[in-house]
Amino acid sequence: MSEPVQITVQTNETDSAVSGKTETATISDYVTVSPQDSRVEPFKPASPSWFVARINPVSRIIGALLLCIPMFFSLDLVSASSALAIEFVLLWIGGVAPWTVCRKTWPVWIAALGSFISVFLYARVSGEILWSAGWIVISEGSFPLALATAIRVAAIAVPGVILALGLDPTDLADGLVEILHFSPRFVYGGLAGLRMFTLLQDDWRALGLSQRSRGLGDGNAIMRALSQAFGLLVLSIRRATKLATAMEARGFGSDAPRSQARVSSLHAIDWVFYAICLSIPFAALALAIATGNWHFAFQGA
Amino acid sequence: MQVQPAAVEANGWGWRHATRKDFALRAVDFTIQPGERVLLLGASGAGKSTMMAGLAGVLGGDEEGEQEGSLTIDGVDAREARGRVGLVLQDPDSQIILERLGDDAAFGCENLNVPREEIWQRVRESLNLVGLGDLDLNRSTRHLSGGQRQRLALAGVLAMKPGLLLLDEPTANLDPEGVVEVHDAVKKVVESTGQTMVVVEHHIDVWLDMVDRVIVLGRPEPGSPAGAVIADGKPDEVFAAMGDVLASGGAWVPGRTIPDYRPGSAASQAVRVRNVTADTSQTDEHTPVLSCRNLSFGRGSALGTGINLDFYPGEVTALMGPNGAGKSTFALTLAGLLPPVDGQVLIAENLAPRADRREPITWKSRELLGRIGMVFQEPEHQFAANFVRDEVAVGPKSMGKTQEEAYAIADSMLERMNLTRFAQANPYTLSGGEKRRLSVASMLAAAPQVLVMDEPTFGQDFTTWTEMVKLIAAIRDQGSCVIMVTHDEALVNALSARRVMFQEGSRA
């Protein structure tokens, strides 16, 4: 058996004059723990890109929409890959290197791969049939079509993900209320609810541990998760009720006019951003038309 | 900070919740002068929360219930007096609304349509008053301590410049350090603003130095369905006249002695918890039931390393120390719920399922029953059944007892815990103290040799507190080993428990 290393065991005869009735000796042991982190929070940038960080959060959402809508109209390799290329270059100029973009958007690439495989195997026949088995038909047109689809998925989703990174929910809520005139009751209610998720994560963990301690942790994992989920539901309703009372007590939820402590407005940089977001897909589509690759997406093969 | 203190007047006021048959409060009469500081007392269920919600104007409209008489703030119906009243609640977790400190403090002002420049001026003043002025306004509210959160809630309310400040058990969920922080902040606030204040609190002595009047709510006659004011006056007079009533209603009345439940004391003999008296014969007082060998504990990374401790049968051990030091994590590790980062937790050989399986974390969930039990800080984290009786029977059933045996144990457990009348109720509908008793009862039903408890007396009123102390003493005297995480000096003294202090070392 090893010797005690970090704990010092001391015997303290508590002074019976102080506590009055303590006649038996109280032994105190000490457990030394590592000091709590001094709770310095790392500075979190609003976006990996210096440019995106300076625009309004609402503009980021609008920009992502502007970027992707025109891209739905053509299904060809040229427009999709040129849009993706322009995006990578612009993001690089904006302070996000291409490898960083790839690393931060890995789920997009998985989705792109998935769409590539499904289009490749199951797409409508165009040209000569090369190979088929049941539902799977691979024709001459399969490969270019699958590639075009996959790259298009990336071209639409990559900028969307990069624009959303680091987006501050409070700032977005302010923008939604002040710029887009959403109902503050709805927006700030939702925002406060969002904070509850951290608490619910702790609840979930505690529920799991308590099941084990109550002898309920051995059975079917699905049944266990279900009963744990029910417990979480009850707790979340109780937490939500308390939060609603706290918000009401601070005057939230009436129809009376409300002021805003923070300013959320659009500046010149936001309009520049919109222009960029529109020009990327239009440049890409123009290139497709000029090179004769335009392929209207809703027209069939 | 300039605030106009408010006058409060209740005139035959009463409130019935729409879902209840009886009025919660009825014929309530009092007048509070501007600048008065009132302590509102009463047993649980006496209507304190209803009174506070009524004053804060958050009881709701006609769909939520029925109102009688009048309740006014500066002559205006409390329900219309938006912004004249500020309410600070008990739970620090549910009062933080926004992510950044400054935004959270500004939230109330925004809702009152205060102009922007004035909001930030008020926010800074309020944060200074509650002692949070040094913190960056952009700081995340997520990592604040309990005491800091309550002070932030106070600042948020204060920035609304309410004439009446309502505090509903603001320190009940805090550690001793947090209690002092919040007390000092409130004192500074009311002294500088001169606001009218009403505070509800079981721990009377916390607020005694700043209240000049005590109002007690309760049943005017035994058996009457609705509560009303049963005492009103200067603190000394009310405590002299009502001390016993208040103490039995759960208040910590100043000057009352704390019961003595150290091992072998007469009081501790009074309660018997377990049927099985033969249990003690299995264990020897001089061999530890549970030991840590070179233990490192933590979630992921180690919080403490190289710990060697032994826990003995018939002994209560208190794990004490500052918040966030890792006491709860350590307790969960002892209870066989979290794997040690390094080293071992070992149970006595005669208690292990097999001689070579002495580490609780390697056991099946069922094997913990009868050996190690854990009572969580939040009873609601523990509930697993829809009825109180089933809840207690869960453990015995999992241990392989028949339905009849399991319910026999459950029934006798409920009787001892004074919960029999709730047998068919849903656990979530019980009051705080009842829930706590139930969570202990359901753990004890599995007859654990080692009982680990996380803050068993946190936020409890005096009645529940006394019950808990009695219960822990009884469990100990049956020969079980009790390990509890606690900040409660009175509890540790009453049980004369062994202390294990957690202290922060220098960073390795």
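User: In this predicted model, is B:K161 buried or exposed?

Analyst: B:K161 lies in the loop of chain B between α4 (146-158) and β7 (164-168). Its phi is positive, about 50°, although the residue is not a glycine. A residue counts as buried if 20 or more other C-beta atoms lie within 10 Å of its own. Because B:K161 has 22 other C-beta atoms within 10 Å, the residue is buried.

User: Is B:S496 buried or exposed?

Analyst: B:S496 is found in the loop that runs between α15 (489-495) and β18 (498-504) of chain B. This residue is not a glycine, yet has a positive phi of about 50°. With 20 or more other C-beta atoms within 10 Å as the criterion for burial, the 22 around B:S496 place the residue in the class buried.

User: How are α2(B) and α3(B) oriented to each other?

Analyst: Two packed helices are described by the angle between their axes and the distance between the axes. Helix α2 (residues 101-111) of chain B packs with helix α3 (residues 116-129) of chain B at an angle of about 120°, the axes being 9 Å apart. Roughly perpendicular covers 65 to 115 degrees and roughly antiparallel begins over 145, with the rest counted as oblique. The two helices α2(B) and α3(B) are therefore oblique.

User: Is the crossing of α2(B) and α3(B) right-handed or left-handed, and which residues make the contact?

Analyst: The crossing of α2(B) and α3(B) is right-handed. By class, their contact has six nonpolar, two polar and two charged residues. The residues that make the contact are B:G102, B:A105, B:A106, B:C109 and B:E110 from α2(B), and B:I119, B:R122, B:V123, B:S126 and B:L127 from α3(B).

User: How do the residues on the side of chain A that touches chain B divide by class?

Analyst: In chain A, 65 residues are in contact with 84 residues of chain B. The elements giving two or more residues to this side of chain A are β2 (26-33), α8 (169-178), α9 (184-213) and α10 (221-249). By class, the residues of this side divide into 26 nonpolar, 24 polar and 15 charged.

User: What percentage of the contacts in chain A between residues at least 6 apart in sequence join residues at least 24 apart?

Analyst: Chain A has eleven helices and four strands. Of its 301 residues, 28% count as buried. Among the contacts in chain A between residues at least 6 apart in sequence, the share that joins residues at least 24 apart is 73%.

Key. Residues are numbered from 1 along each chain as its sequence is written. Chains are lettered from A and ligands numbered from 1 in the order in which they are written. This is a predicted model: local features need pLDDT of at least 70, side-chain atom pairs count only at pLDDT 80 or more; totals for chains, interfaces and linings use all residues. A residue is buried if 20 or more other C-beta atoms lie within 10 Å of its own, exposed if 12 or fewer, and partly exposed in between; C-beta atoms are placed from the backbone. Two residues are in contact if their C-beta atoms, placed from the backbone, lie within 7 Å. Ala, Val, Leu, Ile, Met, Phe, Trp, Tyr, Cys and Pro count as nonpolar, Asp, Glu, Lys and Arg as charged, and the others, Gly among them, as polar. Axes are lines fitted to C-alpha atoms, for helices over the stretch in contact, and angles run from 0 to 180 degrees between N-to-C directions. Angles under 35 degrees count as roughly parallel, over 145 as roughly antiparallel, 65 to 115 as roughly perpendicular and the rest as oblique. A crossing is left-handed if the near helix is turned anticlockwise from the far one by less than a right angle, and right-handed if clockwise.
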